Amino acid sequence: MLDRIDLQIEITPLSFEELARTVPGESRRTIRDRVVRARRIQEQRYAEEKGVHCNAQMTSRLLREYAALDEQGTEMLRTAMTRLQLSARAYDRILRVARTIADLDGGGQIQIAHIAEAIGYRNLDRSNWGE
C-alpha cells in the first residue's frame with residue numbers, strides 16, 4: 001500500500017535547540033514562485049499530451065522520454081532498488097519525483113542529486129520500517 005504514495009518521510013520531533021534556532025528559512029513567496037515556475041515548465045512540456053498537465057500524470061512512455069537518467073543516475077537508482085528492496089511501482093514514483101525536483105531546480109536534465117533526493121522520500125518503503 002505504501003508504494004502508492006509518492007512522498008514518504010518519517011517525521012521525528014525537533015529538539016529544543018532546533019526549535020530555538022533563529023536561522024530563517026525560505027520565505028513562502030520564494031517557495032511559491034519556484035513551485036509556480038515548475039508547474040509552468042510541466043504545462044509547457046506536456047502541452048501536446050492530451051490529459052497530461054503535470055509530472056504525476058506521466059505515462060510509462062512519457063517517463064522514458066522526460067525522466068531518462070544518465071549512467072550515474074541509473075546506477076544510483078539500481079543500487080537503491082536492490083538495497084532498499086523497492087517495488088516496480090516505487091521505481092516509477094522515484095522517477096516522477098526526481099523529474100519534479102529537477103523542475104523545481106529549473107527544469108533541466110535529472111541530475112544524480114535529484115535522484116538521491118527522490119530516493120530519500122521513499123523512507124516508508126524500506127523493508128525494515130517500523131521494526
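Let's start with Gln42, which counts as buried at 4% relative accessibility. By buried I mean under 20% relative accessible area; exposed is over 50%, and partly exposed is in between, using a 1.4 Å probe and protein chains only. Before I go on, the ground rules: this is a predicted model, where local features need pLDDT of at least 70, side-chain atom pairs count only at pLDDT 80 or more, and totals for chains, interfaces and linings use all residues. Residues are numbered from 1 along each chain as its sequence is written, and side-chain values use heavy atoms, with hydrogens and water left out.

So where does Gln42 sit? It's in helix H2, residues 28-45. Helices here are DSSP runs of H or I with at least four residues, strands are runs of E with at least two, and both are numbered from the N terminus. Leaving aside neighbours within four places in sequence, Gln42 is in contact with His53, Cys54, Asn55, Thr100 and Asp103. Contact means heavy atoms within 4.5 Å.

Let me zoom out for a second. The protein has six helices and zero strands, and from the N terminus the elements run α-α-α-α-α-α. Buried residues make up 30% of the 131 residues. Of the contacts with a separation of 6 or more, 62% are between residues 24 or more positions apart.

Now for the packing. Two packed helices are described by the angle between their axes and the distance between the axes. For H2 and H5, that's an angle of about 115°, with the axes 8 Å apart. The axes are lines fitted to C-alpha atoms, for helices over the stretch in contact, and angles run from 0 to 180 degrees between N-to-C directions. H2 passes H5 in a right-handed crossing. Right-handed means that the near helix is turned clockwise from the far one by less than a right angle, and left-handed means anticlockwise. Our Gln42 is part of this contact: on the H2 side you have Arg34, Val35, Ala38, Ile41, Gln42 and Arg45, and on the H5 side Arg99, Thr100, Asp103 and Leu104.

H5 covers residues 88-104 and H6 covers 112-120; they pack at an angle of about 125°, with their axes 8 Å apart. That makes H5 oblique to H6. On that scale, under 35 degrees is roughly parallel, over 145 roughly antiparallel, 65 to 115 roughly perpendicular, and the rest oblique. H5 and H6 also cross in a right-handed way. H5 brings Ile94, Leu95, Val97, Ala98, Ile101 and Ala102 to the contact, and H6 brings His114, Ile115, Glu117, Ala118 and Ile119. The contact of H5 with H6 comes to nine nonpolar residues, one polar and one charged.

Which residues of H6 are buried? They're His114, Ile115, Ala118 and Ile119. Looking down the axis of H6, the buried residues fall within an arc of 135°, so they line one face of the helix; the arc is that of the directions from the helix axis to the C-beta atoms. They pack against H5 and helix H4, 71-83.

That takes us to H4 and H6, whose axes come within 9 Å and cross at roughly 20°. That makes H4 roughly parallel to H6. Gln72, Gly73, Met76, Leu77 and Ala80 in H4 meet Ile112, Ile115, Ala116 and Ile119 in H6.

Arg122 lies in the segment after H6, and it's buried, with a relative accessible area of 0%. Its C-alpha is 7.8 Å from that of Ala90, 32 residues apart along the chain.

Leu63, in helix H3 (residues 60-66), is buried too, with a relative accessible area of 4%. Not counting residues up to four places away in sequence, Leu63 touches Met58, Ala68, Asp92, Leu95 and Arg96.

Last one: Gln85, in the loop between H4 and H5. Is it buried or exposed? Gln85 counts as exposed, at 57% relative accessibility. Its phi is near 55°, a positive value in a residue other than glycine. Most residues other than glycine have a negative phi.

Methods. Nonpolar A, V, L, I, M, F, W, Y, C, P; charged D, E, K, R; others polar.
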